[in-house]
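Dear colleague,

Please find the structure below, together with its sequence. My notes on it follow directly after.

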Amino acid sequence: MAHLLEFEETEYMSKDKLVIFDTTLRDGEQSPGASMDKEEKLEIAQQLEKMKVDVIEAGFAVASPGDFDAVKLVADNIKDSTICSLSRAVDKDIEVAGEALKGANSGRIHTFIATSPLHMKHKLQMEPSAVIEQAVKSVRLARNLCADVEFSCEDAGRSDLDFMCEIVEKVIDAGARTINIPDTVGYNMPEQYANTIQQLIERIPNSDKAIFSVHCHNDLGLAVANSLAAVQKGARQVECTINGLGERAGNAALEEIIMAIKTRPDFFDVEVDIDTRHIVPTSQLVSKITGFAVQPNKAIVGDNAFAHESGIHQDGVLKNRETYEIMRAEDVGWANNRMVLGKHSGRNAFKSHLAGLGIQFENSDELKEAFVAFKKLADQKHDILDEDLLSLIKR
Ligand SMILES: CC(=O)SCCNC(=O)CCNC(=O)[C@H](O)C(C)(C)COP(=O)(O)OP(=O)(O)OC[C@H]1O[C@@H](n2cnc3c(N)ncnc32)[C@H](O)[C@@H]1OP(=O)(O)O
Ligand SMILES: CC(C)C(=O)C(=O)O
């Protein structure tokens, strides 16, 4: 057996650094209807690189000739982020992944096998001992092709902890330097998932030789909560996708993970290198390419994430934005926050909006009269446009 390729244990192994691993182009693409061609993948990868994402999982190279080409194109062109391809614990998958990644500045082979009793018995139809053997063999093969190898225990959220301790210890010995513990079907609760990560780190004798990673699905709406709970217990890589795209109900949303970490440094003792100003443009690009609309009330990237229609909120924000905004719209790539006039709006926002249109009221009676007319109109009309306001004032 050839010597394992040398792995640089520098930047990624820092205790304070949270590695951001984006899998929009792989797990995100697994959403029915979200397939992307290679040029589309490259366009998104370029945007992720601008955002300073650490690792981009570009696809599953063995899946199709098109996906091989896409992983290769991304690997050949993106130089600042590590480019990764997924592969089963199957020699052919790993070799094809290695081939697609040949041109990468920094490449990673990500190999996985299921470890839950349910998946091993019914899907893989393998004995647990054979699963361990296959995992070790695959990691060794991958390490002969690529210095940076990640191993995932698929369906870790329903796997036995003792069994995971055993397999993970062996794959670390075989050369895996990132150990991913996916909650593949979004079954775990935050405390339970965080405890699994903590137990694995504490119990596995060679756990200090690897970064522990989380990959959470959103079947119960807990993907982000589970990921963040695990970060508090020692996880140092989060796998996530733009807009939370992904299988079934999706993956943890990158934008929510990043902004939670940045907004609550009192909770999270980790650093992320992401340039958050690229979040909204990236979200809009992914939405345009996949055709998956972003719901208006989606955190960070939804149209209403920084919009206010209620008078009490508008008044507070006009006096001090922090009254109702915990982040700055500009910091995540919006041009500004937004005041929307509607039936819930108050006098202060109304007056301020009209001032923006060049209209000043001579006295409070004039303002009162215009405001009463505006409320009547707002009861009848869903969207109040500036033209509506101007004609109302003229009248
Ligand atoms: C949780 C996740 O997101 S896992 C990633 C899921 N993503 C995908 O599946 C997308 C890409 N997949 C594909 O293109 C295809 O499924 C391929 C190319 C990987 C395999 O295709 P096929 O050879 O036709 O197999 P098929 O998909 O029907 O079945 C999967 C086979 O892989 C086996 N398998 C599944 N996972 C693994 C694994 N991690 N390691 C080894 N074998 C595995 C299954 O047991 C099954 O084996 P069998 O054919 O002996 O019953
Ligand atoms: C293969 C792994 C990383 C995965 O996507 C999952 O388990 O959800």
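**Ligand 1**

Ligand 1 is surrounded by 14 residues, the closest being Arg26, Gln30, Arg88, Ala89 and Phe112; a residue is taken as near a molecule if one of its heavy atoms lies within 4 Å of it. This is a predicted model, in which local features need pLDDT of at least 70 and side-chain atom pairs count only at pLDDT 80 or more, while totals for chains, interfaces and linings use all residues. Residues are numbered from 1 along each chain as its sequence is written, chains are lettered from A and ligands numbered from 1 in the order in which they are written, and side-chain values use heavy atoms, with hydrogens and water left out.

A side-chain N or O atom of Arg88 is 2.8 Å from an oxygen atom of ligand 1. From the backbone, an N or O atom of Ala89 lies 3.1 Å from a nitrogen atom of the ligand, and a polar atom of Lys123 is 3.3 Å from an oxygen atom of ligand 1. The protein buries 54% of the 1000 Å² that ligand 1 exposes when taken alone (Shrake-Rupley method, 1.4 Å probe). Strand E3 (82-88), strand E4 and helix H4 (117-124) each supply at least two residues of this shell; helices (H or I, at least four residues) and strands (E, at least two) are DSSP runs, numbered from the N terminus.

**Ligand 2**

The residues around ligand 2 include Arg26, Asp27, His110, Phe112, His215 and His217. A polar side-chain atom of Arg26 lies 2.8 Å from an oxygen atom of ligand 2. Strands E4 (107-114), E5 (148-154) and E6 (178-183) are the elements that give two or more residues to the shell.

**Asn206**

Asn206 is found in the loop between helix H7 (190-203) and strand E7 (211-216). Is this residue buried or exposed? Asn206 is buried, with a relative accessible area of 8% (buried means under 20%, exposed over 50%, partly exposed in between; 1.4 Å probe, protein chains only). Its side chain makes a polar contact of 3.2 Å with the side chain of Asp173 (a pair of N or O atoms within 3.5 Å, one able to donate a hydrogen and the other to accept it).

**Record annotation**

An unreviewed UniProt entry lists residues 18-280 as "domain: Pyruvate carboxyltransferase". The span is 43% helix and 18% strand, and its end C-alpha atoms lie 21 Å apart.

With kind regards

Technical notes:
UniProt positions renumbered as here; feature names shortened; annotations may be inferred.
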